[in-house]
Amino acid sequence: MVGAQHDKGWRAAVLKELRREVGALEAGARPDAPALAFEAEAIDAHLPEGGLRLGALHEIWGGSAAPIDRQDPDGTNKTGIENAGGNGGAEDIAAATLFLAGLLARLSGPVLWCLKARDLFTPSLAAAGLDPDRVIYAETWHERDVLAAMEEGLHHPGLAAVVGEVARLGLTASRRLQLAAESEGVTAFTLLRPHRQTGAEPTAAATRWRIRSAPSLPLMPSSSAANPVAGIGRGRWRVDLMRCRGADPASFITEACDGTGRLGVSALLRDGADAPHLDRSAA
Amino acid sequence: MARVVSVCLPFFATERMRLTSTDLPPETPLALTTRIGAQRLIAAVDAKALAHGLKPGMAATQAQLLLPGLTLRDYAPRADAHGLAKLAAWCLARYSPVVMPAPPDGLFLDVTGCTHLFAARTAGQSRNLDEGEDNLLADLAARLARRGLTARLALTGSVGAAHALARFAAPDCTRIAETQSLTRALAPLPVEALRLSPETTQALRRLGFERIGDLIGVKRAPITRRFGHDVFLRLDQALGLSREPLVPLIPPELVSTTLSFVEPVITAEGLAQAVERLCQDLAAALEARQHGARRLDLHVTRLDRSTSIVSVRMAKPNRAPEHMARLICEKLTGLDCGLGVEKVLLAAPFTRPLLPEQIASELCGRPKEPDLSTLVDRLANRLGAGRIYRTAPVESDWPERSVRRVAALAPKPKVETPRPENWVRAWPRPARLLADPMPVEVIALLPDYPPALFIWQGRRHRICRADGPERIFGEWWRASGEIALARDYFQVEDEAGQRFWLFREEAGGRPQRWYLHGFFA
């Protein structure tokens, strides 16, 4: 009788543990996956791990500043990536670059940055807190080599993160990168500079973000007659979490990274009203 | 086309004698003597003795009469050959996997595919092969001069031409670019430059063939009938029309292992297996010396005796067999096995001491920096050296010039040294910079105001906020035209929140122009 009770208690404990593990798996995360907090309350509270999961693949999309759910003249309401207006140009990727630099600045260890385009201006990364000595660049001749170089880097446990600038990321490639990232615990970021034609493909990435610039708040005294153009304050971004395992899509307005890679918390707003509408069509 | 360096050391015997013996004052002229029968003849002279009219072949007594302060020593041809081989081994480690000593006073280096390593690396610039070749020659000349050796160098497309130009062309350092014509460079040289026997050259001269140019385009049959095939074979070799492979030197002290196959290997997989075994043997040899390899050369000899060389470099000394094998095997894919590979030789011509290290653990203080050398090697092997880099600041206000590339594993600056202030400064720098600033149309309310509107790629950007100007002056010490240059940079934000970097250029008396140079967000 006593033995049976003991057995029951043991069974309950195992079941409880299994339920916890399954619950965590359902949320799309390994139970012990470490995460990098954004240190911005609204974003961290929204993400299932309380931050960006480390040792996984994350997509970061650049996007133009055009309003995403704008009515087009012909009446069709194109939403999502198709309407990004992005042509893979430098203007679309600048905000996403700084967003990523801020994340990397708060990791410790060397970073491998694989790229083909030559427009990355590295002094700006230092301004987001990413020490230039921590970044090793791998410049490829072809874009297809970027993903291969990324995979090579992800197998090296000494790195903190691997970044790749690509125009598109397919399902197979993203699965390979995700597996490589999991195996050594190195975090992978793809910085996507989409061409006009490419839409969002399904990928194995843990999260998909899109960073666009948003009008900044006017500085305190506003424009006067003596100087008709107001000065520039801290930039603001519209951060769209377009896809995330275990969490709904959402949009946030944040201030740009400061010198230590942290997003501005003070002005952080979460406009949940249009966010789910926005991302259901995109995903 | 091959690229070959010929090194001619006209005073090698005497200069080597000076370097190896301590009792020879540098100011006295020196000559080396040899005995033929009962006669003592001069075998080699140095530059000072030559200037006084002394020549090899003279009787020693006559030389002493001509130049009373002359020092005489015994000629040592075997020691010279040994010294030349040592010099060749040094070139092998530094410049090229294929070096052939040409006794008594020369070396050949096959530098095909090696010269890009000497090209300057600056951000955004493509590799310039001509520049690499010039730098290689300059480096070699400077290092030989520092050793106290007089050298004449030539870099051309064939062994024969390099030999001829090093010995018979006027300047000390000659280079014939790949695009230039070898015929035009060789035509004015005397026929002696063709590496023919003295009898043949004398006979050619008697017939009126004094320059190489005289032999080009003549009827070959009568001359061949009289002198044999040698004349035109040497001519074709010099002009690069006929192949002349160099026999690579494998010095006995070189760390190397070799494998010969009973059955020739035809597939890349078979070769890869052989490489794995060679790497294990080489690692053992390196470990015995407590050295690590910085470069590996795999010499692949095919059945028809032709040789291919696969060369890999490593950022740090390394002797891990798996790592070495992986680097080499990645380069084997394009290799042509021909009829089959008979023999492979793996050599480590450039090694550095590598002592066992304590594995980082929490017990022995702080963990050390992760070792990225294997990753850097693999990426550099695949993408090319110089494409794996870090960036470092340059003291320049001009944004395009403020970044320089440094080697990926270059030592990091000490924390105490202040960072050059032009990277982390009050004025922000854009995340993306256009390589060439793009002209834009700008409307400003007053000439000195920041722009109110600009049009770029057909799109109008109405500016709501702006900061500036940040004035950057031309760097007059770089070029005379820059003294009048100035740029006024403005950081502007349009209605949508996009941030641009615009500048107004003032160049002397020309009207001001506006350009877009970068993007913040």
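Two strands are taken to pair if DSSP finds at least two bridges between them; strands (E, at least two residues) and helices (H or I, at least four residues) are DSSP runs, numbered from the N terminus. The structure is a predicted model, in which local features need pLDDT of at least 70 and side-chain atom pairs count only at pLDDT 80 or more, whereas totals for chains, interfaces and linings use all residues. Residues are numbered from 1 along each chain as its sequence is written, chains are lettered from A and ligands numbered from 1 in the order in which they are written, and side-chain values use heavy atoms, with hydrogens and water left out.

In chain B, strand β1 (residues 4-8) runs antiparallel to strand β6 (residues 106-110), and five bridges join the two. Within this pairing, B:L107 of β6(B) is the bridge partner of B:V7. Both strands belong to an open sheet of five strands in chain B, ordered β5-β6-β1-β7-β8, with mixed pairing. Its edges are formed by β5 (98-102) and β8 (173-175) of chain B, each of which pairs on one side only. From one strand to the next, the twist averages 15°; axes are lines fitted to C-alpha atoms, for helices over the stretch in contact, and angles run from 0 to 180 degrees between N-to-C directions. Helix α4 (residues 77-94) of chain B lies across β5 and β6 of chain B, at about 160° to β5(B).

An open sheet of three strands, also with mixed pairing, has the order β3-β2-β4 in chain B. Because β3 (39-45) and β4 (71-74) of chain B each have a single partner strand, one side of each is left without a neighbour in the sheet. Neighbouring strands here are turned by 40° against each other on average, direction ignored. Strand β2 (residues 30-36) of chain B runs parallel to β4(B), to which four bridges join it, and B:A31 stands opposite B:L72 in β4(B). Helix α1 (residues 12-20) of chain B packs on this sheet and touches β2, β3 and β4 of chain B, its direction making about 110° with that of β2(B). Contact means heavy atoms within 4.5 Å.

A helix pair is described next. The axes of α10 (residues 220-227) and α11 (residues 230-239) of chain B come within 8 Å and cross at roughly 120°. B:R220, B:I223, B:T224 and B:F227 in α10(B) meet B:V231, B:F232, B:L235 and B:D236 in α11(B). The residues of this contact divide into five nonpolar, one polar and two charged, where Ala, Val, Leu, Ile, Met, Phe, Trp, Tyr, Cys and Pro count as nonpolar, Asp, Glu, Lys and Arg as charged, and the others, Gly among them, as polar.
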